[in-house]
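Subject: Structure handover

Hello,

I am passing on the structure below. Please open it first and keep it beside you while you read the notes that follow.

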Amino acid sequence: MKWLMLITLLWSGQAWAGEARPLADDPAVEARLKHLAVELRCLVCQNQTLADSNAPLAEDLRREVREMIAKDMSDKEIIDFLVARYGDFVLYRPPLKATTTLLWLGPFVLLMVGATALVITLRRRAHKVVDVPVTDEEHRRVEQLLAEGGKRS
Amino acid sequence: MNRFLLPLSIFIVVVVFLGVGLKLNPREIPSPLVGKAAPDFSQPQLYDPATVFSPADLKGKVWLLNFWASWCSGCRTEHPVLMELAKSGEVPIFGMDYKDQRDEAMAWLKRWGNPYPVVGVDDAGRVGINYGVYGVPETYVIDKQGVIRYKQIGPLDPDTVAKKILPLVKQLESQ
């Protein structure tokens, strides 16, 4: 039984080692690919970057990007190539356009609304809070009540 | 009454936004290629690897380009719809066998029927990338000038064919 466990453990270790795929040979190309791929979305598993994804399409796209890098195309040319085919959706940072203004400005608008609401509420409350003078007689009564409470417990 | 009016209206706005969000399908990414010229390719044919299949051969025709694969389960779902459409003779459907094994693809078509006059082979998925394919099946409607007019993401169903594809094909034919 122990042997079986040991074998299973070793086996799983090997499987893990297999997952880290060796990338192409040229380290300069790989560095640029890495730099680009974190900005690009994998279209199959939509919340992963092209760098993280193991989907076959992501592999194909990495191959395509690698080839474009080898052809010495600029980052902009490569990104334009992908946007022309897959739309702005491939970009993790959507460009500021008429259709995306709400996306970009929405959080700031909400922040402004929240801040204004906060200021208004605070001002209103300041009007309501009035200093109430406490007389010596009342102080004594409070102390007496507190002392009685202490005895009871 | 006035106290509840503001929270209630905010609540309704949020509900409307979330409701619309529920109806959206994140898989349906609008293609930037609709309205643009269909990317050119020349791929070997499945049944005749020595002959090339190219969109240039189809200039002057309205046609469908259907990306499929024998390993794709959505293609199996879609297949009867394509067979029906091919039988009706309304519009030719050309196939693109996407990242597949030739023998498996041919066995698949033999088993389930072949709706395509010609099937191209895209074993490396490069044509797919040029067409912005990110999951088969995907179907493109291409007009007489070779411009993409519509892109269907995922399996075609009888409803989509009757309400979108066929009216569009008729309209493009008359142009």
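I start with one pair of residues in chain B: Ile148(B), in strand E7(B), is the bridge partner of Ile142(B). Helices (H or I, at least four residues) and strands (E, at least two) are DSSP runs, numbered from the N terminus, and two strands pair if DSSP finds at least two bridges between them.

Before going on, some notes on the source. Residues are numbered from 1 along each chain as its sequence is written, while chains are lettered from A and ligands numbered from 1 in the order in which they are written. The model is predicted, so local features need pLDDT of at least 70 and side-chain atom pairs count only at pLDDT 80 or more, whereas totals for chains, interfaces and linings use all residues.

The sheet in chain B

Strand E6 (residues 138-142) of chain B pairs with E7(B) in the antiparallel sense, over 5 bridges. Both belong to an open sheet of 5 strands with mixed pairing, in the order E5-E4-E3-E6-E7. Its edge strands, each pairing on one side only, are E5 (119-122) and E7 (148-153) of chain B. From one strand to the next the twist averages 20°. The peptide bond between Val136(B) and Pro137(B) is cis, with omega about 0°.

Two helices in chain A

How do H2(A) and H3(A) cross? The axes of helix H2 (residues 27-37) of chain A and H3(A) come within 10 Å and cross at roughly 125°. That makes H2(A) oblique to H3(A), since angles under 35 degrees count as roughly parallel, over 145 as roughly antiparallel, 65 to 115 as roughly perpendicular and the rest as oblique. Axes here are lines fitted to C-alpha atoms, for helices over the stretch in contact, and angles run from 0 to 180 degrees between N-to-C directions.

Residues of H2(A), including Val29(A) and Leu33(A), meet residues of H3(A), including Val65(A) and Ile69(A); contact means that C-beta atoms, placed from the backbone, lie within 7 Å. By class, this contact has 7 nonpolar, no polar and 3 charged residues. Ala, Val, Leu, Ile, Met, Phe, Trp, Tyr, Cys and Pro count as nonpolar, Asp, Glu, Lys and Arg as charged, and the others, Gly among them, as polar.

In the loop between H3 and H4 of chain A sits Asp72(A). Asp72(A) is not a glycine, yet has a positive phi of about 70°.

Where the chains touch

Confidence

pLDDT is the predictor's confidence in each residue, from 0 to 100. Chain A has a mean of 80, with 82% of its residues at 70 or more; chain B has a mean of 90, with 99% at 70 or more. Over residues 13-22 of chain A, pLDDT stays under 50. Where pLDDT is low, the predicted coordinates should not be read in detail. For the complex, the predictor gives an ipTM of 0.74 and a pTM of 0.72.

Regards

Key. Contact = placed C-beta atoms within 7 Å.
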